[in-house]
Amino acid sequence: MTLTRGHVVIDVEACKGCDLCIDACPPGVLVMTEHTLNQRGYRYPLLLPGCTGCKACSQICPDFVFQVFKLAEPIDLQAQEER
Amino acid sequence: MSEILRQTRIDGKLVLRTETAPADARLVDDFTPRLIDVGAHHLCPGCGEPIAMRSVLEIIDELGATDRAIGVFGIGCYTAFSNNLDCEVAQALHGRAPPVATGIKRVHPNAVVFTIQGDGDMANEGLQEVLHTAARGERVTCVMLNNGVFGETGGHITATTVIGQRTKNTLDGRDGRKDGYPIRVSDLIAQLDGASFVARCTVNTAGNVANARRMIQRAFQHQIDDIGFSFVEILTMCPTGWFIDTAEAPGYLTEHLAATHQLGVVKDTRA
Amino acid sequence: MKARLMEGSEAIAEAMVAAGCRFFAGYPMTPFTEVLEHMARLLPAVGGTCINAESELEAIGMAWGAAAAGVRAATGSTGQGLSLMQESIAEASTAGLPLVILNMARAQGDYFQATRGGGHGDYRTPVLAPIDLPEAVRLAQLAFHLADTWRNPVVFFGDYYLAHTYQSVGVTPLDFGPLPQKNWALDGSTSGTGRARLVSPLGDLKQRDGVGFDLADFYLRQADKLTTMIDGVQPLAETSGCEDAEVIVTAFGSPAKYIRAAVDALRADGRSVGYFRPITLFPFPAAALRQATASAGHVLVYENNLGQMIDDVRLALLGSADIRFIGGLSLDSSGFGIAPDLDVALLTERIRRSLDSAARAR
C-alpha cells in the first residue's frame, strides 16, 4: 500500500522535457510521456500515485513547471483504482 | 477529495490528472518565486542557471531585502534571464559587473547589491575585476554560475573548464600541458582578506539546491551585516555545452566539475 | 568661493564638486593624476566617494554603477587610459548613462579619439575643450549638465598644460537650467513592484510577454536619441576679428591661447587675420566656422598633432576656402609635456609666413 501524501500541478506548456524531475523524485512517481507532446514539441512529466509533496521536482525544475501541494490527509490511491 | 485526484490514461499509462489540486491541499512550493516576472525563459532544457537564479531571488525575498535589491548582470546565457526578473538590474559588460556593483553599493550603501556572472564572464574576461572587488572588501555579493564553458557562444573552454572536459576547442578533452589548468575561483578569492564569505555549491539535485540556498543566504547575510565581500560559486548543468543528454548532466557535474571545483564553504570569517 | 591661486587640476576638481559630482574613480596617470588626488581630498568632505581603481577599466565600471544609481559620477585618464575605456564609453552611451569622462590629454593627438569615439558602433559623445582655467571651471560643470540632459557620456578634453597651470580662479556653482528627474535610476525601491527598473546597453524594457531583448528596436530608438542629442547640443566657439579677415587661424584647447595672442599681435600690425576656436569639439561648430570664414579665402589650422581637427575644418568648409596645416607634433623630452612651439613669437612668425604665402598666392 502506497500512501499519496502530496500532489503536483504541472504546467505542461512550460516544460522543456529535460527529465531532471524524473531522477530527482525520491518516490519515483514522475514519468515522462512517450508520444504525447506539449505545444512546443516537448515530452512532459506525468504523475503516478505516491507523491509525498517533498518539492524535489519543483526545486530541480529549470522551467518552473511544478506547483507542489501537501494533501489534507494521505490517501491510498492504489486501493481506489482497484475498486 | 479523492475524486479530484482523478486518474487518466496517457500514452497507455494510468496517471493522475495534474491540472488542479484539491481545494483543501496546502501549497508548499509555487511555480515561480516572487521576483521572477514570467515563467517562460528560453535557456536550454536542463540548464542549471534558472535553478540557481531562482534560489538567489528566493533568498533575497526571504531576507526581506526585495525593496532594496539591485542585481548586476554580466554577459552570458543568463543575460536574457534578467529580462524575466522583477528585480532592479544594471546590465554590465562582459567581466565588468563587479566594479559596476561597487559603484552602486558605494552610493547606495543600504542596497543589497549582487552580481550574476558566468565562469566565462568572471574567470576569463573579468578575473581582475572580481579579485580587486574582493580584495577591497566591497560589501557586495558576487555569484558565479560555473558550468565550465562559454555557453552562449556555443561551448568553448573557459578558465574553469576541468581537465578532460570536451569543449569546442578541446575536442579531445582539456589537456593541462596543451590547454592549461583550471582556475579554482572560489579558492583564489578566499585568499583575499577582504573576502569574508566564500562558498561553492551546486543545483544538480534537489538536496544540493537546498544546500545552495543555505550558502546563498549566508553570503547575503555577510553583506547585510556589513562584514565583507561575499562570494558564491554555483556549479550549474550545461548539457548543451557539455554535449550530453539533459538527464546525464547532474551526474556529469558531480563526476567532473565538482571533483575539481569542490563543494563546501571555503571561507567564513564568522564561523 | 573666493578666487584663489590654484592649478588647473584643482580647479577642475573643485568645479566638478560644485556641479554636484559625488562619485569619482580613476587610475593615476600623467597628467590626470592630480585631478584624482584632488577629488580624493574633496569628495569625502561632501559625503562623496573617490576610489583609486585598480585599472582604468574598473574606474569607468565603478562610475558606470554610480551613474546608473542616479548619482553625478565621473572618471578620467589621459589618452591611453581612455583607450582602455572605449568599450565602456560606447556602451554607456547606448545604456543612456550620464557620465563625465575627463581626458587630461598629452598634446592634442586624442582629437579623433574624443570626437569620433574610439569605441564600437554608432555613438557620439559631446566633447568640451577649455582654453584656460576659468573656462575649464565652467565647462566641467556644463559637462554634467549635458550628460544629464541627454543621458549620454560627455568628454571633457583638458591637457597637461591646463592641469599644471596656476591661476587665480574662483569656482561658483553654475545653473544651466532645469533637468528631468532621474526616475530611471536604480536604488532597489522598484524591485518586486512589477515595474523593476533596468539600466542596460541591451534594452530598457522588461519584456513581460516577449523573449529576451529586442535589440533591433532598442538600437533604433537609441539612434533617435543620438540624433536628437546631436541636434540639441549647442555648438560653442570663440571668434575674434573674423568679419573682415582674409585669413582665419583655428586652434583648440590650451594652445589656442597662444594662437589667439599671435593673431592679436598680427592684427595690431595691420594684418587681415582672424581667430576661430571651437569650444565644443563635438558637435563641431561648423556653421559658426562657415560664417567666420565667409569672407576669408584661407584657413590656417594649428594643432599639436599630425592633423585631426583639420578634417572637421575641411568637412565644415567643403572646399570653400584654402586650408593649410600649420601645426604638427611639438613635444618636450618627456614626449608629452609643454609643447616647445607654444611661444607667441614663434607662432606669430609661423602665421606671418603663411599670411605672406597666401597673399602671394592670391
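This is a predicted model: local features need pLDDT of at least 70, side-chain atom pairs count only at pLDDT 80 or more; totals for chains, interfaces and linings use all residues.
Reader: How many helices and strands does chain A have?

Author: Helices (H or I, at least four residues) and strands (E, at least two) are DSSP runs, numbered from the N terminus. Chain A has three helices and four strands, arranged along the sequence as β-α-β-β-α-β-α. The radius of gyration, taken over C-alpha atoms, is set against a globule rule of 2.2 Å times the number of residues to the power 0.38. For chain A it is 13 Å, close to the 12 Å that the rule gives for 83 residues, so the chain is as compact as a globular protein of that length.

Reader: What share of the residues in chain A is buried?

Author: A residue is buried if 20 or more other C-beta atoms, placed from the backbone, lie within 10 Å of its own. In chain A, 51% of the 83 residues are buried.

Reader: How many residues of chain A are in contact with chain B?

Author: Two residues are in contact if their C-beta atoms, placed from the backbone, lie within 7 Å. Here 41 residues of chain A are in contact with 39 residues of chain B. On the side of chain A that touches chain B, S4(A) gives the most, with eight residues.

Reader: In which sense does S4(A) pair with strand S3 of chain B?

Author: Two strands pair if DSSP finds at least two bridges between them. S4(A) and S3 (residues 26–29) of chain B pair in the antiparallel sense over three bridges; A:Lys70 has B:Arg26 as its bridge partner.

Reader: What is the strand order of the open sheet in chain C?

Author: Its seven strands run S3-S2-S4-S5-S7-S6-S13, with mixed pairing. S3 (49–52) and S13 (280–282) of chain C stand at the edges, each with a single partner strand, so one side of each is left without a neighbour in the sheet. Within chain C, S2 (residues 23–26) and S4 (residues 73–77) pair in the parallel sense over four bridges, and C:Gly26 stands opposite C:Gly76 in S4(C).

Technical notes: Residues are numbered from 1 along each chain as its sequence is written. Chains are lettered from A and ligands numbered from 1 in the order in which they are written. A residue is buried if 20 or more other C-beta atoms lie within 10 Å of its own, exposed if 12 or fewer, and partly exposed in between; C-beta atoms are placed from the backbone.
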